[in-house]
Amino acid sequence: TLLEANAAMKSIVRRDTGENWKPYVTTLMREAGEIGPDEEPSNEAARRFDQKRKGKKVSNEDWKSSTDGDARIAHMKDGTTHLAYKAEHVVDLDSDLVLAAEIRLGTDGDAATMAESLLAAQENLEACGSGAVIEEVAGDKGYHAAPTLETCADFGWRTYIPEPRRHHPIKRSNRSEAQRRAVLNNRSRTRRPKSKRLQRRRSEVVERTFAHVCETGGGRRTHVRGLVNVTKRYLLAVAGHNLGRILLTLTGIGKPRSLQGVGGRLLGRRRLLWGRRTGWGRPCRDWVRRFGHGRSRHAA
């Protein structure tokens, strides 16, 4: 998923000359004859010219952020363009624990970083003294690539990655024998019922970790700069998620926000007992029904 960087698009500068947007557009206007050699356009005129000019492109090859050099220009899920990073999770589908949380550049492809993230997850398992070994990998269509499948096969990982529909078929001559074998083995595995079960589990568990860390935990917007600092901050958020899953298994209460519901239930029981002793049962039942900690016998 994409994380919005702590840098604005107004801070981008040219990689070759170091000039920002206004001087760059001013130079283009002078070359196009819109203004004279000594004239300075207003901000409105510069924006109007920039919107209408042909071949307009803001690429990472030509532009960079002057405040965060590691951030990359990317299209967010809502259609807007921001400077961003990319977060990648490796999640255990049985325990719902995040084994690795890697922060990548916003332009890195999913298939190109999959093997590195899996190796990081295996190293984390060994570092914590676990004897678990990664044997099967389930991912979405974005991770399907012949070199990636070949790398997974070399490490002994059985992949369950659906093959996307492509407009043009890939020529077999462009692939090696090992890549063709890896693609065919993955294709045969994805047609089994086990693959469908893994994909359903992946959609539930992996997406939930992103929701807890990025949406509920507020990790969608970074407040630090630099790849190293963003990684440190994001790892702390993921560690909190894992602690919540462990506490949920041990005590039945996963996160501090869950204590609000527990406190409400305890307070409701206390007031219910107090109401029975004092004869104020009806107001107490109304309070319990209002906050959802009980159900009236007349409720539908």
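Predicted model: local features only at pLDDT ≥ 70, side-chain atom pairs only at ≥ 80, totals over all residues.
## The largest pocket

The largest pocket holds about 990 Å³ of space. Its lining counts 39 residues. Closest to the centre are Val90, Val91, Leu93, Ala138 and Val206.

H6 supplies the largest share, eight residues.

## H6 against H7

Helix H6 also packs on helix H7, residues 227-251. The angle is about 120° and the axes lie 10 Å apart. The two helices are therefore oblique to each other. The crossing of H6 past H7 is right-handed.

From H6, the contact takes Arg208, Thr209, Phe210, His212, Val213 and Cys214. H7 answers with Tyr234, Ala237, Val238, His241 and Arg245. By class, the contact of H6 with H7 has six nonpolar, three polar and two charged residues.

## H1 against H2

Helix H1 covers residues 21-32, and helix H2 covers residues 43-52. They pack at about 70°, with axes 10 Å apart. That angle makes H1 roughly perpendicular to H2. H1 passes H2 in a left-handed crossing.

On the H1 side, the contact residues are Trp21, Lys22, Val25, Leu28, Met29 and Ala32. On the H2 side they are Asn43, Ala45, Ala46, Arg47, Phe49 and Asp50. Eight residues of this contact are nonpolar, one is polar and three are charged.

## H4 against H5

Helix H4 (residues 146-154) meets helix H5 (residues 177-190). Their axes come within 8 Å and cross at roughly 85°. H4 is therefore roughly perpendicular to H5.

What does each helix bring to the contact of H4 with H5? H4 brings Ala146, Pro147, Leu149, Glu150 and Ala153. H5 brings Ala178, Gln179, Ala182, Val183 and Asn186. Seven residues of the contact are nonpolar, two are polar and one is charged.

## Where the parts join

Helix H6 belongs to two of these pictures. It lines the largest pocket with eight residues. It also packs against H7. Val206 of the pocket is among the residues closest to its centre, while Arg208 and Thr209 in H6 are among those that meet H7.

Note on methods
Residues numbered from 1 in each chain as written. Heavy atoms only, no water. Axes fitted to C-alpha atoms, helices over the stretch in contact; angles between N-to-C directions. Helix = DSSP H or I, 4+ residues; strand = E, 2+ residues; numbered from the N terminus. Parallel < 35°, antiparallel > 145°, perpendicular 65-115°, else oblique. Left-handed = near helix turned anticlockwise from the far one by under 90°. Contact = heavy atoms within 4.5 Å. Nonpolar A, V, L, I, M, F, W, Y, C, P; charged D, E, K, R; others polar. 1 Å grid on protein atoms, 1.4 Å probe; cavity = no way out; pocket = protein on both sides within 12 Å on 5 of 7 lines; lining within 4 Å. Points joined across faces, edges and corners; volume = space filled by probe spheres on them.
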